[in-house]
Every structure is written in C-alpha cells, then in structure tokens.
Amino acid sequence: MENFSTRLNRRSFGGALVGLVTLVFMLLWSNNWLGLTNDGWFFFYAHQLLDGKLPYRDFSLVIPPLHIMEVAAVMWAFGERLLAVHLFGVVQRVALAVIVFRWLTGIYGRRAAAVASITMVVLASGDIADTVCFYHHDAAFWAVVAGWAASVVVQR
C-alpha cells in the first residue's frame, strides 16, 4: 500500500506534467494570440479604466466588467504591454489544467485525469478568433476554482 508521501509526489509530478504539456500546447499556438477581432477592445477598455474612467458611465462596455478589471490589473502590475496580458492568459490556462487534474485525481486515476484536463484546454483553446486572455475563459476558470475549492471543503 502506498503511503501518503508517495501519492502526493505522484500527484505533484502529474500536475507538473499536465502544466508543462498545456504550456507547450499554448506556446505552439502563440501565432493565434492576436485575436484582432476582440483583443484591442479589451486592452483599450482596461486602459480607460486605468485612466480613471468608469465603464457604463464614461465608456460603453458590452461585457461584464470583471475581465476588464483583470486586464487592467495585469497592465498595472506589468505595464501596458499586450504580451503581458497574453502571458497572463497562458498562466491562467495552465493553472486551470492543473486544478482540473488535481480535482479529477481524487475521483479517477491519474492517466484519465491528465487526458481530461489536457483535452479540456485543447478544446477550449481551439477557436483562433478568440484571444488567449478572454472573458469566457475567465468565467470557466473562476467557476472551476470555486467548484474545486468547495470540493476540498466538503471532503474535509
């Protein structure tokens, strides 16, 4: 029978491997990060927010403001570089894959959890019209984080 330390090391290794595979996949598709249909608007909206203007009062915002606040926070922390926002989106997707892997290993085996979490990111990242840091990925990310956190609390 495996002890707790061995199981934890295997889950940690599996999580790191899933994160690495997800990162490699995201970097292979880096030429699709431009998302010229939407990306410039979100960057512009975040810039407006950093300039002290308020959405819905000072400028029109066609989406809920959480994504714009997130982009503004990244711009505030790392400067007004579109690459910083894109790298944040990559980090967010890698974190999403690792969280889903960790969550699923409590229910299924490590292999099934790895395949499911990597497949999730590949399918969610398949639309070349979307940018890597996009509001529907924020919605999925925060919903999964909340579900995983609730699952951890319930298990304890």
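**Overall architecture**

The coordinates belong to a predicted model. The protein contains 6 helices and 0 strands, and its elements follow the order α-α-α-α-α-α from the N terminus. Of the 156 residues, 36% are buried. Contacts between residues at least 6 apart in sequence were also examined: 71% of them join residues at least 24 apart. The accessible surface amounts to about 9,400 Å², and carbon and sulfur atoms account for 69% of that area.

**Nonpolar cores**

The largest nonpolar core has 17 residues, among which Val-18, Met-26, Val-90, Leu-96, Val-100, Phe-101 and Val-144 touch the most other members. Two or more residues of this core are supplied by each of α1 (4-28), α4 (82-105), α5 (110-124) and α6 (135-155). Helix α4 gives the largest share, with 8 residues. The surroundings of Leu-96 illustrate the packing: when neighbours within four places in sequence are set aside, Leu-96 is in contact with Met-120, Ala-140, Phe-141 and Val-144. A second, separate core comprises 16 residues, including Tyr-45, Val-71, Val-74 and Ala-84.

**Aromatic pairs around Tyr-45**

The structure holds 6 aromatic pairs. Two of them involve Tyr-45 and are set out below.

| Pair | Centre-to-centre distance | Angle between planes | Class |
|---|---|---|---|
| Trp-41 and Tyr-45 | 6.0 Å | 35° | tilted |
| Tyr-45 and Phe-59 | 5.6 Å | 15° | stacked |

The class of each pair follows from the angle between its planes. Planes under 30 degrees apart count as stacked and those over 60 as edge-to-face, with the rest classed as tilted. The 35° between the rings of Trp-41 and Tyr-45 therefore makes that pair tilted, whereas the rings of Tyr-45 and Phe-59, at 15°, are stacked.

Trp-41 and Tyr-45 both belong to helix α2, where they are 4 residues apart, about one turn of the helix. By contrast, Tyr-45 lies in helix α2 while Phe-59 lies in the loop between α2 and α3, so this pair ties together parts that are 14 residues apart in sequence. Trp-41, Phe-44, Tyr-45 and Phe-59 together form one aromatic cluster.

Tyr-56 is located in the loop between α2 (39-50) and α3. Most residues other than glycine have a negative phi. Tyr-56 is not a glycine, yet its phi is positive, at about 70°. The relative accessibility of Tyr-56 is 51%; since the threshold for exposed is over 50%, this residue counts as exposed.

Helix α3 covers residues 66-78, and its length can be checked against its sequence. At 1.5 Å a residue, its 13 residues should span 18 Å, and the end C-alpha atoms are 18 Å apart, so the two values agree. The buried residues of α3 are His-67, Ile-68, Glu-70, Val-71, Ala-72, Val-74 and Met-75. Of these, Val-71 and Val-74 are also among the members of the second core. Helix α3 is followed by Gly-79, which has a positive phi near 90°.

Definitions and conventions:
Residues are numbered from 1 along each chain as its sequence is written. This is a predicted model: local features need pLDDT of at least 70, side-chain atom pairs count only at pLDDT 80 or more; totals for chains, interfaces and linings use all residues. Side-chain values use heavy atoms; hydrogens and water are left out. The expected span of a helix is 1.5 Å times one less than its number of residues. Buried means under 20% relative accessible area, exposed over 50%, partly exposed in between (1.4 Å probe, protein chains only). Rings of Phe, Tyr and Trp (its six-membered ring) pair if their centres lie within 6.5 Å; planes under 30 degrees apart count as stacked, over 60 as edge-to-face and the rest as tilted. Contact means heavy atoms within 4.5 Å. Accessible areas come from the Shrake-Rupley method with a 1.4 Å probe; for residues, only the protein chains shown count as cover. A nonpolar core is a set of buried Ala, Val, Leu, Ile, Met, Phe, Trp, Tyr and Cys residues joined through side-chain atoms within 4.5 Å.
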